[in-house]
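Subject: Structure handover

Hello,

Here is the structure we talked about. Please open it alongside this note; my findings follow.

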Amino acid sequence: LFLHIEVGDNFFRRGYFREALRHYEFALSIMPDHPMIRLRIDRCRPLCPAPVIVIRPRLIILPFAEFRDPFRIPSTIPVNLGLWTSDAIAPYFSGSYDVVDRGELFWWMGRLGLSVRDVLTDPHSRLILARSLGARHILMGSLQEIASFDVSTHLIDAELNVQTSGAKIRVQNAFQLRGLLDDLAALTLAPPARQAVIVQQVQQTERVV
């Protein structure tokens, strides 16, 4: 509550009235009878520009979790590959979503007292983070080491706490992963029937190479 009032006041002082109003209205949903929040909203609304239609919903992309084989030395998964993967795959979702900037994401997580582990494992933490950022969906992923390693994605509806889609591919190393990120994003967003077609196309390309 106090964090959203603080951020709203900061936006208001800098002249970003629509952004300030969004945070005030969220604070009001937490405490509907708070008179100072209602006063802030009444002062802010006349200053807001004409409404802007937002076509793309917001998407939070978390760092991919890394699961290494403790008996495999050296590991096939480089250090911080999960963080790199989340940054590198983000542009492939920008056509369908307004992807939350990593700096904004980590700032809110820090102020809300949430770790990456909290958001990955706790539905309530995911819901708080998503509502604070105005996002409905969260993309989580994992790197699971086997002989090579598997890369999985899970697109989560934070409000309902259900997985709406996901995908999984197997790569030999980080270099191959870099070349398949666009296919992984397409698989994540595609319906099951389309996923089978994309997988077949990727396999055919690998055989040609």
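Is Ser115 buried, partly exposed or exposed? Ser115 is partly exposed, at a relative accessible area of 33%. On that scale buried is under 20% relative accessible area, exposed is over 50%, and partly exposed lies in between (1.4 Å probe, protein chains only). Ser115 sits in the loop between α5 (102-112) and α6 (116-121). Its C-alpha lies 9.2 Å from that of Ser125, 10 residues apart in sequence.

Before the rest, the ground rules. This is a predicted model, in which local features need pLDDT of at least 70 and side-chain atom pairs count only at pLDDT 80 or more, while totals for chains, interfaces and linings use all residues. Residues are numbered from 1 along each chain as its sequence is written, and side-chain values use heavy atoms, with hydrogens and water left out.

Overall, the protein has nine helices and six strands. These are DSSP runs (helices H or I, at least four residues; strands E, at least two), numbered from the N terminus. Of its 209 residues, 40% count as buried. Take contacts (heavy atoms within 4.5 Å) between residues at least 6 apart in sequence: 54% of them join residues at least 24 apart.

Now helix α2, residues 17-30. The expected span is 1.5 Å times one less than the number of residues. Its buried residues are Ala20, Leu21, His23, Tyr24, Phe26, Ala27 and Leu28. Their cover includes α1 (2-13), α3 (35-44), α5 and α7 (123-133).

How do α2 and α3 cross? Their axes come within 9 Å and cross at roughly 155°. Axes here are lines fitted to C-alpha atoms, for helices over the stretch in contact, with angles from 0 to 180 degrees between N-to-C directions. That makes α2 roughly antiparallel to α3 (angles over 145 degrees). From α2, Phe17, Ala20, Leu21, Tyr24, Glu25, Ala27 and Leu28 make the contact; from α3, Ile37, Arg38, Arg40, Ile41 and Cys44.

Last, Arg68. It lies in the loop between β2 (65-67) and α4 (81-89). At 34% relative accessibility, Arg68 is partly exposed. Arg68 touches Ser75, Ile77, Pro78, Val79, Asn80 and Glu145, leaving aside residues up to four places away in sequence.

Best wishes

Technical notes
Parallel < 35°, antiparallel > 145°, perpendicular 65-115°, else oblique.
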